[in-house]
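The following exercises concern the two-chain structure shown below.

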Amino acid sequence: MVNYKVDGLVLKARPFGEADRILTILDPRLGKVEAVAKGARRVKSSLRGACQPFSHNQFFLWQGRSLDGISQCEVVESFSCLRDDLPRMAAASYVAEFVDDVVRERDPSPETYELVLDTFRWLAEAEPTKANVTHILRAFDLRFLALAGFAPSLDACAGCGQPLAAWAGTGQVAFSAAAGGVICPACRAGTALGGEEGTAPAGETPGNWPDTSRLDAAQPGLPCRAGPPVILLSPGTLASMRHLAQADSARARVLRLTPRAAQEMGQALRAHITYCLDRRLKSLDFLDSVLG
Amino acid sequence: MAKSQYPEALARLIQEFTRLPGIGPKSAQRLAFHVLRMEERDVLALATALADAKRRIGRCSVCYNLADTQPCHICGDPQRDRTVLCVVEEANDLIAMEKARTFGGLYHVLEGALSPLEGVGPEALRLPELVKRVKGGEFREVILATNPTVEGEATAMYIARLLRPLGVRLTRIARGVPVGGDLEYADEVTLARALEGRRDV
C-alpha cells in the first residue's frame with residue numbers, strides 16, 4: 001500500500017455512508033484531492049475534529065482502489081472562526097464552492113492554493129462586516145477568475161478588442177457577461193450583446209440562462225434581452241476591479257471600495273461567474289441572506 | 001442480460017433488500033435466504049411491522065418528532081418541563097438526547113441543518129414553526145443542540161439571530177472531551193474547545 005502526505009485546505013467534507021466523510025482537499029503540489037475519512041463522524045474518531053471544512057491540515061493518505069483514504073491528520077491552522085461566525089462561514093463556503101467547481105482533480109495550482117489560504121486568513125482577521133466580506137470576496141473573485149483563465153476583459157472591448165481608451169468616455173461603461181467583459185457602444189448595439197461569433201457558447205438558448213430576472217430586477221433601466229443582462233459600471237468601479245485583479249494580497253487589502261463600486265462590481269462579477277460556470281453557485285443564496 | 005438464477009419471487013425479495021442502506025447484493029441474498037427459513041408467522045409479523053411503521057408514523061404537529069399520536073408522546077406528557085426547549089437537527093438526535101435521561105423539557109426537530117454548499121437554506125428547515133412556538137410559548141430557555149459540525153454551528157448561529165429579539169435565554173450545548181476519552185488522543189480542535197468551555201469546580 002502506498003502512503004503519501006497531503007498538506008492542504010479542506011474545501012468540503014460531505015457525509016458518506018454510515019459514519020464516514022469524503023473530504024475535498026486543496027493541496028499546493030497535488031491540486032484537488034478527494035479522500036475518504038473512515039469513521040470521521042463518530043464521536044471517538046480522532047479524525048473528526050480535523051475533518052471540518054476550511055481547516056488547514058496535514059493528512060496522511062493511503063492509496064485505495066477507487067478512492068484514497070485518510071489514515072492520520074494533524075491540524076496546521078484550524079480556521080475555527082470561519083465556522084463560528086455566520087458571515088465568515090457563508091463567505092468561506094462561497095470560496096470553497098467556487099474553487100471546487102472550477103479546479104479539476106489532481107491538477108496542481110500552487111497559486112490557487114495560496115489565494116484560497118490568503119482569502120481564508122483575510123476573512124479570519126477582518127471584522128466580518130458586510131463591507132469587509134464583500135471586499136474580500138470581490139478581490140477573491142477577480143484574482144481567482146484570472147488564475148482559472150476566466151478573467152473578464154476590463155481594458156478592451158470584449159467584442160471587438162478596441163482598447164477602452166479609444167471608445168469609453170468619462171461616463172459609465174457597459175459590462176456584458178455573455179461577451180466576457182466590458183463592451184463598446186458599437187458592439188453592444190450591433191450583434192446580440194456585442195459578442196462576436198465564438199464569444200457565447202453555441203447552442204445557448206434564452207431558457208438556459210437561470211437568473212436574468214433577479215439581476216434585471218436590481219437594474220430596472222437595463223435592456224432586457226435574451227441571455228445575461230448588461231450591467232453599467234462607473235469608471236471608479238472599473239478602476240477598482242482592475243486594481244483588485246492585478247493586486248497582490250497586501251495591495252488588495254488597502255484598496256478602499258466605495259459602496260457603489262462594491263455593488264456594481266458584485267453584480268457584474270456574479271453575472272460573469274454564473275455565465276462562466278453555466279450554473280449559479282449554491283452558496284450565494286445563503287450568503288445573501290446572511291449579509292442581508 | 002442473463003436470466004436470473006433465482007425464482008422470480010426470491011429475485012424480487014433480494015432486489016427489495018438491496019434498497020436498504022448498507023445492504024449490497026451479497027447481504028441481500030443472505031437476508032432473503034434467512035427470510036425463507038423463518039417461520040411464516042414471523043415473516044408476516046415483519047411485513048406488518050414494516051407496513052404499519054410506514055403508515056402510522058408521521059411527524060408531530062408541534063415538535064416535528066416522529067410520532068404515531070398527535071401530539072407526540074413527549075409533547076403530550078404533562079410531566080415534562082414546558083419552559084425549556086431543546087432544538088435538534090433530526091429525530092435520531094432527539095432519541096440520543098432522551099437516552100441521556102437528563103433533559104426533561106420539550107423538543108423541536110428542525111428536520112435538517114443549513115448547508116450552503118449543498119444548497120440547503122433556511123427555508124428547508126422548520127424555522128418559522130420554531131419562531132412561532134417560542135413567541136407563543138412560555139419558554140424561559142432554548143437549548144441549541146444541533147451537531148458540532150459546520151452545518152450544525154451555522155444553524156445554531158442562524159437560530160440565535162432569529163430568536164435573540166424575543167428575549168428568551170439561548171444556550172448552546174458544550175463541546176469538549178468525550179467521557180472515557182484520553183486527552184492524549186483528543187484532537188486539537190476539540191481540546192481547544194474544551195479549554196474554552198471550562199468551568200469552575
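**Exercise 1.** Determine whether B:Arg193 is buried or exposed, and state its location and contacts.

*Solution.* The model is a predicted one.
- Step 1. The relative accessibility of B:Arg193 is 13%. Buried means under 20%, so B:Arg193 counts as buried.
- Step 2. B:Arg193 belongs to helix H7 (residues 188–196) of chain B.
- Step 3. With neighbours within four places in sequence left aside, B:Arg193 is in contact with A:Ser80 and A:Asp84 of chain A, and with B:Glu153 and B:Arg175 of chain B.

**Exercise 2.** Classify A:Leu244 as buried or exposed, and list the residues it touches.

*Solution.* 
- Step 1. A:Leu244 is placed in helix H7 (residues 235–246) of chain A.
- Step 2. Its relative accessibility is 0%, and A:Leu244 therefore counts as buried.
- Step 3. Apart from residues up to four places away in sequence, A:Leu244 touches A:His135, A:Arg138, A:Ala139, A:Leu142, A:Arg143, A:Ala252, A:Leu255 and A:Met265.
- Step 4. Between A:Leu244 and A:Ala261 there are 12 Å in space, C-alpha to C-alpha, for a separation of 17 residues in sequence.

**Exercise 3.** Explain why the buried residues of helix H4 of chain B line one face of the helix, and identify what they pack against.

*Solution.* 
- Step 1. In H4 (residues 91–100) of chain B, the residues B:Ala91, B:Asp93 and B:Leu94 are buried.
- Step 2. Viewed down the axis of H4(B), these buried residues fall within an arc of 150°, so they line one face of the helix.
- Step 3. An α-helix has 3.6 residues a turn, so residues three or four places apart point the same way.
- Step 4. On the other side of H4(B), B:Asn92 and B:Lys99 are exposed.
- Step 5. The buried residues of H4(B) pack against strands S1 (58–59), S2 (66–67), S3 (84–88) and S4 (106–109) of chain B.
- Step 6. Just after H4(B), B:Arg101 has a positive phi of about 60°.

**Exercise 4.** Characterise the backbone at B:Tyr64, B:Pro71 and A:Asp278.

*Solution.* 
- Step 1. B:Tyr64, in the loop between S1 and S2 of chain B, is not a glycine, yet has a positive phi of about 65°. With a relative accessible area of 12%, B:Tyr64 is buried.
- Step 2. B:Pro71, in the loop between S2 and S3 of chain B, is joined to B:Gln70 by a cis peptide bond with omega of about -10°.
- Step 3. A:Asp278, in the loop between helix H9 (259–277) and helix H10 (283–291) of chain A, has a positive phi near 60°. At 52% relative accessibility, A:Asp278 counts as exposed.

Conventions
Residues are numbered from 1 along each chain as its sequence is written. Chains are lettered from A and ligands numbered from 1 in the order in which they are written. This is a predicted model: local features need pLDDT of at least 70, side-chain atom pairs count only at pLDDT 80 or more; totals for chains, interfaces and linings use all residues. Side-chain values use heavy atoms; hydrogens and water are left out. Buried means under 20% relative accessible area, exposed over 50%, partly exposed in between (1.4 Å probe, protein chains only). Helices (H or I, at least four residues) and strands (E, at least two) are DSSP runs, numbered from the N terminus. The arc is that of the directions from the helix axis to the C-beta atoms. Contact means heavy atoms within 4.5 Å.
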